[in-house]
Amino acid sequence: TNVLNARFSLEGGGCVKVDQASIGLDSPTATLLRDTVGDGAEVFVGIRPEDIAVSTSKKSEADLEIVVESIEPLGFSIVITSLVDDKIFRLVLPPDKAVEPGHHLWLEWERAKMHFFEKKSGSLLL
């Protein structure tokens, strides 16, 4: 699982800001985070590599931009490694994707696939 630094905000009904991306949250998730950590709190967001959709251009403010650092071909898939906020970030793509180190990619994922952890204790929030 990729674990990213994020900041929870009540802006727009609730979102988490990861690097330059602002990812909107559904009302129950925003309420839970508001009640447990509070507006403006730093949290960790976890997302599995296989739950990430990749694009070669930015589609929305929720898209997270990465620069491909390395590629590991595994035959049935390729593992892309990047850095987000100085942390290793990995995603899995089909082997037919034409991606090279240095390419910029934009990532998105279903909000329901995110996991939230309290930053100080590391405790799972959702």
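**Exercise 1.** State how strand E1 and strand E2 pair, and over how many bridges.

Solution. Strand E1 spans residues 2-9 and strand E2 spans residues 15-18. Strands here are DSSP runs of E with at least two residues, helices are H or I runs of at least four, and both are numbered from the N terminus. Two strands count as paired if DSSP finds at least two bridges between them. E1 and E2 pair in the antiparallel sense over three bridges. Within E2, valine 16 stands opposite phenylalanine 8.

The model is predicted: local features need pLDDT of at least 70, side-chain atom pairs count only at pLDDT 80 or more, and totals for chains, interfaces and linings use all residues. Residues are numbered from 1 along each chain as its sequence is written, and side-chain values use heavy atoms, leaving out hydrogens and water.

**Exercise 2.** Give the strand order of the open sheet and name its edge strands.

Solution. The order is E3-E2-E1-E4-E11, five strands with antiparallel pairing. Strand E3 (21-24) and strand E11 (115-118) are the edges, as each pairs on one side only.

**Exercise 3.** Is asparagine 2 buried or exposed? Describe its surroundings.

Solution. Asparagine 2 is found in strand E1. Its relative accessible area is 4%, so asparagine 2 is buried (buried is under 20%, exposed over 50%, partly exposed in between; 1.4 Å probe, protein chains only). Not counting residues up to four places away in sequence, asparagine 2 touches residues including Val45, Ile52 and Phe89 (contact: heavy atoms within 4.5 Å). A polar atom of its side chain lies 2.7 Å from the backbone oxygen of arginine 90.

Definitions and conventions:
A polar contact is a pair of N or O atoms within 3.5 Å; within protein, one must be able to donate a hydrogen and the other to accept it, and residues adjacent in sequence count only if both atoms are side-chain atoms.
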